[in-house]
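Me: I'd like to learn how to read a structure like this one feature by feature. Could you walk me through it?

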Amino acid sequence: MSDYAVETNMSKGSFGEEYLSLGRNKLVEMFRTMVLIRRFEEMAAKMYSMQKIGGFLHLYIGQEAVAVGSVAAIRDDDYMITAYRDHGHAIARGTDPKLLMAELFGKYTGTSKGKGGSMHFFDASRNMLGGHAIVGGQIPLGTGIAFKIKYRREDKVCLTYMGDAAVNQGTFHESLNLAALWKLPVVYIVENNLYGMGTAVDRASAVTELYKRGCSYGIEGMVADGMNVFSVYDAIKEAAKKARELSLPTLLEIRTYRFRGHSMSDPDSIYRTKQEVEEEKQRDPIEQMKKFLLEEKIATQKEIDDIDAEVKKVVAEAVEFAENSSEPPLESMYDDIYVS
Amino acid sequence: MAIKIQMPKLSDTMSEGRIIKWLKKEGEKVGPGDVIAEVETDKANMDMEAYDEGTLLKIVAKEGDRVPIGGLIAVLGEAGEDASAILNDAASTPKKDSTRETITEPVEARQSSVGNVYSAAAPTVPTPAPSQPAATKDNGRLKASPLAKRLAQERGIDIGEVKGSGTSGRIVRRDVEGFSPVVSSSAAKYTDVPLSMMREAIAKRLAQSNIEAPHFFLTAEVKMENAIAFRESLNQFDEKNKISYNDIIVKACAAALKEHPQVNATFLGDKIRMFSNVHIGIAVAIDDGLITPVLRDADKKGLRQISQEAKELAVQARDRKLKPEEYSGSTFTVSNLGMYDVDDFTAIINPPEAAILAVGSIVEKPVAENGELKIGKRMRITLSSDHRVIDGALAARFMQTLKKVLENPAALAL
Amino acid sequence: MPEITYREALNQALAEEMERDDSVFIVGEEVAQYQGAYKVTQGLLQKFGPERVIDAPISESGFTGLGVGAAMVGLRPIVEVMTFNFSLVAFDQIINNAAKMRHMSGGQLKVPMVIRGPNGSAHQLAATHSQSLESFYSHVPGLKVVMPGTPKDAKGLLKSAIRDDNPVIFMESEVIYGMKGEVPEGEYTIPIGKTDVKRQGKDVTIVAYARMLGVALNAAEILAKDGIQAEIVDPMTIRPLDDEPILESVKKTNRCVVITEAWPFAGVGSEIAFRVSSKAFDYLDAPVELVSSEDVPMPYSKTLEHNVLPTPEKIVNAAMRVLYNSKDPGKSED
């Protein structure tokens, strides 16, 4: 269709021996982080049902490999910015689940002192710059962060995540044009989970191969398998390298699937079948990773079970921490609106 | 726990009190019994004591404010404690707006006895002012700018008399500043003196007495030669503590009342109450009013004691230091204007009593005695009686007794 | 003091601050090669190069958002909108991102940026290009809104805005870019959030800002011929509004007329009038008057346009009404 659009890792789709070079520690850590995100999200759903969490809650269950694979492929001082389905990104980046759960609880100990909530996770100390809740609103921000990298001639990259529906927003197109025009080191990551809320991609986008949407800006499009953490890892590695060395943007479509509804109040049976969800669950990124670790004898079943138990404990402690934290004092209401 | 300090009931008849002076400041510690403020009631200026221990957190009623009994005047609590709950609560508590009801504060009015002087036609008749401010009234609402209202208040101008020149007849600053009351040929100069609380109480209570109690009057002339000699002989013993004619009259009244208990009574609507005690009120004129301190159980006290107590009470009254129990509960009142060279007069009954004695001067006059004309010393006394309690004959018998005692006062020394 | 234009004053502020701090850059349409649509950025490209003076495509949402992102990570962008009318397509970036970033991140991030350009009407630009949008931005906690009305204020306030760690909406006016005024030589700044009394008077307080300051000063001259001394108070910063000097003035004059080029409904003028009514109630001898643009989209016709905008005559009439000298009772509040 275009010179710019390429499909890279989709053909691999495997868990090949070449990934053993990442080393046992990193592989186990990636697996553990995916499990941590899964358990954290399951607990968040439970806490939501117990009314400990309010507002909107968009779970990352099913998409864990995207955040974990992409974070594993960049450096600690690189930047990342995402939309409102942001729990996985913050956890993958290493933010303490205690602080995140406290934020979900609206407590003063939360990452944003109870002012952000689920859709606005920030951890500036880890260059995780949000958590943005207007669809497409964060895309110019990520572009601006990349602008700063270039302005300061830094050896960094900015991962700018978005959902599949954001590609139809004007900010997407304006940003891609600016990034291409000014050659900015940004990787635009479209987490294509096939539905923008209840609207399937083919009902929203004239061109459903979203990685091709960069064509008109001369931005190379790539696609990766979001249920395979290594596919994500490889694609980000390549895009980040291009950003660092050539200061060029990339549009990366990562095909993934959310196992839960759009938000907690989403009766997803309206727009997708149970059968479809069950089929996608066969490709569960965590199960695939687990199988790989066992088959390649990187970890034993006992070690896998221990990880699960340890992660459950971390999540339980996060809930306990959030529960025991205090509400924001009323005096804090006017804090952090202006820098004084 | 913050505590409300409310306007206490400091007199039997008070319905509200005015804060004259705060003796404690916000933030000061107070203990039970400490005097924290002076309060003017309808009768007297009273010391107001704290009942609890704590820090005065907030003064709600300012000096000059009038507050009904039970109204919040201050908040007591622990230092630094938040008084806002009580204060918010108090927002619904009635508190008279001193600024709306009076033009100047009575404390000031007493000090400067003359208020602002204006002239206007026929002040006693509420005629429409020549400068009819009808245009400023909209369904009874007076239209005036906030500034104009404030200025009028500060200058003691009745804003209803001011003609508005602003939009739709609104009274504005220049109207108040340029306000000069219309002077006509029949104009009488006058001074408006705002009512003190005492004046207000006198006006209310005596008007009520005059309306509700059907008064009738009996006058008698008393031969005073014996009384004069009696007093002189008594006063020989003690030059410093002279017994006054009034002391003798009080004692005589006590004796007469003892004999005619139906006069020592009160009307209660469905019954008449006759008192066993004889408590005599003595009308004392003070600045801007009068008050009747009570000489309790006058029938059981000797003249010397009566005299001493009466003197103390009069001093207390003039200093406005009377305590409520010292000016309430009288069963009969004596009002003596003899020192002003008044021959005789009628007094309004001091409610809820049934009678009052008005006493005139002792005068020398020609009298016929045993067919012989000579110069005698006479005093005229007038009894005002409440006809609901006392009939003419009873009043006359009482006067007979009184006259007899006064004409033979030596019996009083018994 | 040298006399320079409002435009030159802004240009000096930009150049001085870019010289002072290399994290400051300018992005916007026609700011570089073209030397600025209104020549405010004249010469900056030559002085600071294309990496710091950047021509943007017509993508206000894109480059405004880019500015927010750059500010989040330490730069100090100056985003020039050719006029504030075009900022409307970047509204989400300004309101949801710039204004709320610090709050939503619990104080982790700040957005030190300036969004500047001309606001309000010019000459016969009709409905979409003749809007005073300060009320929109002033409504939002997290933004500062600055609207200078003289060259001196423009320079001193723009320098403060660039140094401010918060997003500042800096609204200029096309009509007064050529206005001349004395500007101090050498380095100076004027603090954001300080109201200034531009003319002393005892009879009536007239609050006016930005382009309307000049209109109000003209009205004051007319009033002076009638012996009426108007006090002209210029907030200069709309948010945060320093209302104390306004209230002090009203306490002195007892009457207040508020001038705004914006529409009357739910506007900055209403806010100022509300504060005066609320905080100086007992000092008012007349209801506060508001002289705003008429409540219509701006028509193209020169005659209509002139009559939509506040004029010295309208201001004089309003002053006469609050002084109860009006021969025009038609617009009383009753």
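Reply: Happy to. Keep in mind from the start that this is a predicted model.

Me: Let's begin with chain A. How many helices and strands does chain A come to?

Reply: Chain A has 11 helices and 8 strands. Of its 340 residues, 54% count as buried. For contacts in chain A between residues at least 6 apart in sequence, 77% link residues that are at least 24 apart.

Me: Now the interfaces. How many residues does the contact take from chain C and from chain A?

Reply: It takes 34 from chain C and 34 from chain A. On the chain C side, α3 (60-72), α4 (91-98) and α5 (101-104) each supply at least two residues, and α3(C) gives the most, with 10. By class, that side of chain C has 12 nonpolar, 17 polar and 5 charged residues.

Me: And how many residues of chain C are in contact with chain B?

Reply: There, 11 residues of chain C meet 11 residues of chain B. The side of chain C that touches chain B divides into 6 nonpolar, 2 polar and 3 charged residues.

Me: How do I read a sheet, and in what order do the strands of the open sheet in chain C come?

Reply: The general idea is that strands of a sheet pair through backbone hydrogen bonds, either parallel or antiparallel. In chain C, 5 strands form an open sheet in the order β9-β11-β10-β13-β14, with mixed pairing. β9 (196-199) and β14 (289-291) of chain C stand at the edges with a single partner strand each, so one side of each has no neighbour in the sheet. From one strand to the next, the twist averages 25°.

Me: In which sense do β13 and β14 of chain C pair?

Reply: Parallel: strand β13 (residues 256-259) and β14 of chain C pair that way over 3 bridges. I259(C) stands opposite V291(C) in β14(C). Helix α10 (residues 268-279) of chain C packs on the sheet, where it touches β10 (204-207), β13 and β14 of chain C, and its direction makes about 160° with that of β13(C).

Me: Is A358(B) buried or exposed?

Reply: The cut-off for buried is 20 or more other C-beta atoms within 10 Å. A358(B) has 24 such neighbours, so it counts as buried. A358(B) lies in strand β21 (residues 355-369) of chain B, and the residues it touches include F345(B), A347(B) and I381(B).

Me: Where is E30(C) found?

Reply: E30(C) is in the loop between β2 (24-28) and α2 (44-48) of chain C. Its phi is positive, about 65°, although it is not a glycine. E30(C) counts as partly exposed because it has 17 C-beta neighbours inside 10 Å. K39(C) is found in the loop between β2 and α2 of chain C, and its phi is near 65°.

Technical notes. Residues numbered from 1 in each chain as written. Chains lettered and ligands numbered in written order. Predicted model: local features only at pLDDT ≥ 70, side-chain atom pairs only at ≥ 80, totals over all residues. Helix = DSSP H or I, 4+ residues; strand = E, 2+ residues; numbered from the N terminus. Buried ≥ 20, exposed ≤ 12 C-beta atoms within 10 Å, placed from the backbone. Contact = placed C-beta atoms within 7 Å. Nonpolar A, V, L, I, M, F, W, Y, C, P; charged D, E, K, R; others polar. Pairing = 2+ DSSP bridges. Axes fitted to C-alpha atoms, helices over the stretch in contact; angles between N-to-C directions. Lists of a residue's contacts leave out its neighbours within four places in sequence.
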